[in-house]
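Thanks for asking me to look this one over. Here are my notes, written so that you can follow them with the coordinates open beside you.

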Amino acid sequence: MRAPRVVVGGPAAMAGGKARGRRVVEQHMTQPFEIDLHSEFLRADLFLAMGQPTEAARILERVVAAEPENEAALEMLARAYFGSAQLARSEEALTRLVELAPANGWARRALARTLERQSRGAEAVVHHRMADALGAA
């Protein structure tokens with residue numbers, strides 16, 4: 001099986017010349033842009049791995065806005081906020097994650113650590129105990 005032949009400019013450019021090809025491209029450029037959530041998630045993961053949690057958080061905010069019940073995106077958003085010392089936002093994301101998945105030991109432990117970093121150790125104890133009971137590291 002041969003690979004399909006790719007022509008720069010596409011059929012519109014071939015049929016009507018360069019001017020028509022430009023019009024087709026311009027039409028596509030003015031249409032609304034739909035983000036590919038999975039690609040954005042992977043891009044945010046890369047920023048986190050590179051030690052740029054603020055940039056990762058900026059990307060993940062849009063992903064979570066589009067899919068508010070996506071646990072993986074919420075978890076990564078909470079990690080990004082925590083890594084960039086946006087503790088109130090990290091707490092909010094982790095609280096939402098715990099509401100969505102009460103048996104998520106990692107989320108409980110992360111919420112406890114976020115509360116501790118805000119000098120709220122008494123509130124953190126409950127989440128540490130739950131994380132221990134769930135077998136979280």
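The points below go from the overall fold to the core, then to one helix pair and a few individual residues.

1. Please keep in mind that this is a predicted model. The protein has seven helices and zero strands, and the order of elements from the N terminus is α-α-α-α-α-α-α. Of its 137 residues, 32% count as buried. If you look at contacts between residues at least 6 apart in sequence, 41% of them join residues at least 24 apart.

2. The largest nonpolar core has 27 residues, and the ones with the most contacts inside it are Ala44, Ala56, Leu60, Met76, Leu77, Ala80 and Leu94. At least two residues of this core come from each of helix 2 (37-49), helix 3 (53-66), helix 4 (71-83), helix 5 (87-100) and helix 6 (105-117). Helix 4 gives the largest share, seven residues. As general background, nonpolar side chains in soluble globular proteins tend to be buried together.

3. Which residues does Ala80 touch, once those up to four places away in sequence are set aside? The list is Leu48, Pro53, Ala56, Ala57 and Leu60. Two of these partners, Ala56 and Leu60, are also named with Ala80 among the residues that have the most contacts inside the core.

4. Next, the pairing of helix 4 with helix 5. Their axes come within 8 Å and cross at roughly 155°. An angle over 145 degrees counts as roughly antiparallel, so helix 4 and helix 5 are roughly antiparallel to each other. The crossing of helix 4 past helix 5 is left-handed. On the helix 4 side, the contact is made by Glu71, Leu74, Glu75, Ala78, Tyr81 and Phe82. Helix 5 brings Leu87, Arg89, Ser90, Ala93, Leu94, Arg96, Leu97 and Leu100. By type, the residues of this contact divide into nine nonpolar, one polar and four charged.

5. Leaving aside neighbours within four places in sequence, Arg43 is in contact with Arg58, Ile59 and Arg62. The C-alpha atoms of Arg43 and Ala56 are separated by 7.7 Å, with the two residues 13 apart along the chain.

6. Are His127 and His128 buried or exposed? His127, in helix 7, has a relative accessibility of 16% and counts as buried, because the cut-off for buried is under 20%. His128 is also found in helix 7 and, at 18%, is buried as well.

7. Beyond neighbours within four places in sequence, His127 is in contact with Arg108, Leu111, Ala112 and Leu115.

8. With a relative accessibility of 69%, Ala122 counts as exposed, since the cut-off for exposed is over 50%. The C-alpha atoms of Ala122 and Ala112 are separated by 9.5 Å, and the two residues are ten apart along the chain.

Conventions
Residues are numbered from 1 along each chain as its sequence is written. This is a predicted model: local features need pLDDT of at least 70, side-chain atom pairs count only at pLDDT 80 or more; totals for chains, interfaces and linings use all residues. Side-chain values use heavy atoms; hydrogens and water are left out. Buried means under 20% relative accessible area, exposed over 50%, partly exposed in between (1.4 Å probe, protein chains only). A nonpolar core is a set of buried Ala, Val, Leu, Ile, Met, Phe, Trp, Tyr and Cys residues joined through side-chain atoms within 4.5 Å. Helices (H or I, at least four residues) and strands (E, at least two) are DSSP runs, numbered from the N terminus. Contact means heavy atoms within 4.5 Å. Axes are lines fitted to C-alpha atoms, for helices over the stretch in contact, and angles run from 0 to 180 degrees between N-to-C directions. Angles under 35 degrees count as roughly parallel, over 145 as roughly antiparallel, 65 to 115 as roughly perpendicular and the rest as oblique. A crossing is left-handed if the near helix is turned anticlockwise from the far one by less than a right angle, and right-handed if clockwise. Ala, Val, Leu, Ile, Met, Phe, Trp, Tyr, Cys and Pro count as nonpolar, Asp, Glu, Lys and Arg as charged, and the others, Gly among them, as polar.
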